[in-house]
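Then we'll walk through it together, piece by piece.

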Amino acid sequence: MKRKLLGALLSTAMVASLVAGCGGGNDAAATDTPAETEAPAETEAPAEDAAEGDAAAAGDTAAAGGGKIGIAMPTQSLERWNRDGAYLDEQFKAAGFETILTYSDNDSGKQVNDIQNMLADGVDMLIVAAIDGEALNTAMNEAAEANVPVIAYDRLILNDAVSYYVSFDNYTVGKLQGEFIETQLDLKNAGDKTYNMEITAGDPADNNAPYFYQGAIDVLQPYIDAGTLKVVSGQTDFDSVATAQWNTDTALERAQNVLSSYYADGTQLDVWLCSNDSTALGVAQAVTSDYAGSNTVLITGQDGDEANLKNVVDGVQTMTVYKNVSNESIVTLSLAKAILAGDTIDESLVPSFGVECAFDTESYETSEGNKCPSFLLVPNVITKDNLQDLVDTGLYTMGDDGYLSATN
């Protein structure tokens, strides 16, 4: 699997200069963003003239009160993508844009077709949460040829047609999970005490998954090396613990196999590091039904899915890293409007978002050496003790039973 874990993973230092698009380079002709990029391949206009013409056209679109936006989501089988799709669709429509929203059933071929249909329908911009970051080259190349800018949403697309990337600080998501485990088990002061841990990571096709995994492992590896944390199964590398399509049943089956193979003799399991909530749901089910021990197993997650928040209330899952996808859609809308208006895209745009976000031009590459300008939001740890923080966002309500329901 090709992973874009760059030298110093996810350095989030702010930068002072604009990189015009993920293609890199020193001038507008190096990118595929219509407001700032080259003319279509069939023309012979100088890059500078083409960039000016495209910027003017984009400005006209924005001035006309919107445009047509193609929004390609991976699947409706995971709760969070339903929320993302709904927030993006609602906010772009409210801002005066026409939208085309598709869900591609975790089928990369279908997502390519969906995007091609959007291009045929004359969209002015594409917002794509990729099923597989390496499987969209045909559609991305067609977008570049049509001078349609692409915002990679939440998951990076490994193609230089991508103009910008909007996501959360994915390495920090994993880091928060690792630090939570470190704090809850007081690993710094463990002395001779040891703990047993297992790991479930995410989809190998999702560029984010190795970042989540690596952020946690970088925190926990010293304790693994010292023997304070023992992975009894021996399954520690990403490829061994990855879960295709973040599938709950796949995570459940592997967790059951691990428990029956390594913990059936009464060996105590203390913690299960799960990269997200859909995999944590499977692991929690396996621990509830198949774990022979009587202790409570610390289980991590990410996303704030309703079923997992119920498990947090019930003490079955210990925490989740929450990513406010409403804020992610706000940043995406603001960025899209700025691109179509021909505005300068750099860190000076961040204050207009109204949410905590960093501008990063170093951490993500769409191809070797091609840095992708990225807007990275900040995730938060949610436990049973601070569920009210989710209610305070207005995106969840709490019932009399203490369980949370998403309002969208």
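Predicted model: local features only at pLDDT ≥ 70, side-chain atom pairs only at ≥ 80, totals over all residues.

Residues are numbered from 1 along each chain as its sequence is written, and side-chain values use heavy atoms, with hydrogens and water left out.

Now the overview. The protein has twelve helices and 17 strands; these are DSSP runs numbered from the N terminus, with helices being H or I over at least four residues and strands being E over at least two. Of its 408 residues, 58% count as buried. Here "buried" means under 20% relative accessible area, "exposed" means over 50%, and "partly exposed" is in between, using a 1.4 Å probe and protein chains only. What about contacts, meaning heavy atoms within 4.5 Å? Take those between residues at least 6 apart in sequence: 71% of them join residues at least 24 apart.

Next, find helix α5 (residues 170–184) and helix α6 (residues 208–226). Their axes are 7 Å apart, and the two pack at an angle of about 30°. An axis is a line fitted to C-alpha atoms, for helices over the stretch in contact, and angles run from 0 to 180 degrees between N-to-C directions. On its way past α6, α5 makes a right-handed crossing. On the α5 side, the residues in contact include Tyr171, Val173 and Ile181, and on the α6 side they include Phe212, Val219 and Leu220. Sorted by class, this contact has nine nonpolar, six polar and four charged residues. For that sorting, Ala, Val, Leu, Ile, Met, Phe, Trp, Tyr, Cys and Pro are nonpolar, Asp, Glu, Lys and Arg are charged, and the others, Gly among them, are polar.

Is Leu176 buried or exposed? With a relative accessible area of 19%, Leu176 is buried. Leaving aside neighbours within four places in sequence, Leu176 is in contact with Met319, Val321, Pro379 and Val381.

A nonpolar core is a set of buried Ala, Val, Leu, Ile, Met, Phe, Trp, Tyr and Cys residues joined through side-chain atoms within 4.5 Å. The largest one has 77 residues, and Leu229, Leu335 and Phe375 touch the most other members. Helix α6 gives this core its largest share, nine residues. There's also a second, separate core of 29 residues, with Leu119, Val123, Val148 and Tyr165 among them.

Now for another pair: helix α2 (residues 79–94) and helix α11 (residues 325–340). Their axes come within 9 Å and cross at roughly 40°. The two are therefore oblique to each other; angles under 35 degrees count as roughly parallel, over 145 as roughly antiparallel, 65 to 115 as roughly perpendicular, and the rest as oblique. This crossing is right-handed too. Among the residues in contact are Tyr87 and Leu88 of α2, and Ile330 and Leu333 of α11. By class, the contact of α2 with α11 has seven nonpolar, four polar and four charged residues.

Let's finish with two loop residues. Asn106 sits between β2 (98–103) and α3 (108–120), and it has a positive phi of about 55° although it isn't a glycine. At 16% relative accessibility, Asn106 counts as buried. Not counting residues up to four places away in sequence, Asn106 touches Pro74, Thr75, Ser77, Ile131 and Gln245. Asp303, in the loop between β9 (298–299) and α10 (306–314), isn't a glycine either, yet has a positive phi of about 125°. Asp303 is buried, with a relative accessible area of 6%.

Terms used. Left-handed = near helix turned anticlockwise from the far one by under 90°. Contact = heavy atoms within 4.5 Å.
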